[in-house]
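I opened my notebook to follow one residue and then look around it. Here is what I looked up, entry by entry.

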Amino acid sequence: MPGFMIQGGGMTPDLIEKNDLNPIVGEFAINGRNKNATGLPHILGTLSMARTNVMNSATSQFFIVTGDAKFLDGQ
């Protein structure tokens, strides 16, 4: 997505979608994580785990921010 991010992961080397993955617990304050862990800004070059709207749904997809995405800060 130009000016926003490049997303990757979620596939095997043979380009088969990964299924039955256990989601990771996100570094959210509600999960008892240090608030500073979620205070990192989403600026050019930031690497983040991709997830749905469900906080602890990240599995194997990630994204690299290609432009400032302040609306993701604190997520």
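**Entry on Ser57.** I looked up its accessibility: Ser57 is buried, at 18% relative accessible area (buried means under 20%, exposed over 50%, partly exposed in between, with a 1.4 Å probe and protein chains only). This is a predicted model, in which local features need pLDDT of at least 70 and side-chain atom pairs pLDDT 80 or more, while totals for chains, interfaces and linings use all residues. Residues are numbered from 1 along each chain as its sequence is written, and side-chain values use heavy atoms, leaving out hydrogens and water.

I found Ser57 in the loop joining β2 (47–49) and β3 (61–65) (strands are DSSP runs of E with at least two residues, numbered from the N terminus). Its side chain comes to 2.7 Å from the backbone oxygen of Val54. Beyond neighbours within four places in sequence, Ser57 has contacts with Pro23, Arg51 and Thr52 (contact means heavy atoms within 4.5 Å).

**Entry on the core.** Which residues make up the largest nonpolar core? I noted six: Met5, Ala50, Phe63, Val65, Ala69 and Leu72 (such a core is a set of buried Ala, Val, Leu, Ile, Met, Phe, Trp, Tyr and Cys residues joined through side-chain atoms within 4.5 Å). With residues up to four places away left out, Ala50 touches Gln7, Ala58, Thr59, Gln61, Phe62 and Phe63.

**Entry on Met49.** Buried or exposed, or something in between? I placed Met49 in strand β2, and it counts as partly exposed because its relative accessibility is 37%.

Key:
Helix = DSSP H or I, 4+ residues; strand = E, 2+ residues; numbered from the N terminus. Polar contact = N/O pair within 3.5 Å; in protein donor to acceptor, adjacent residues only side chain to side chain.
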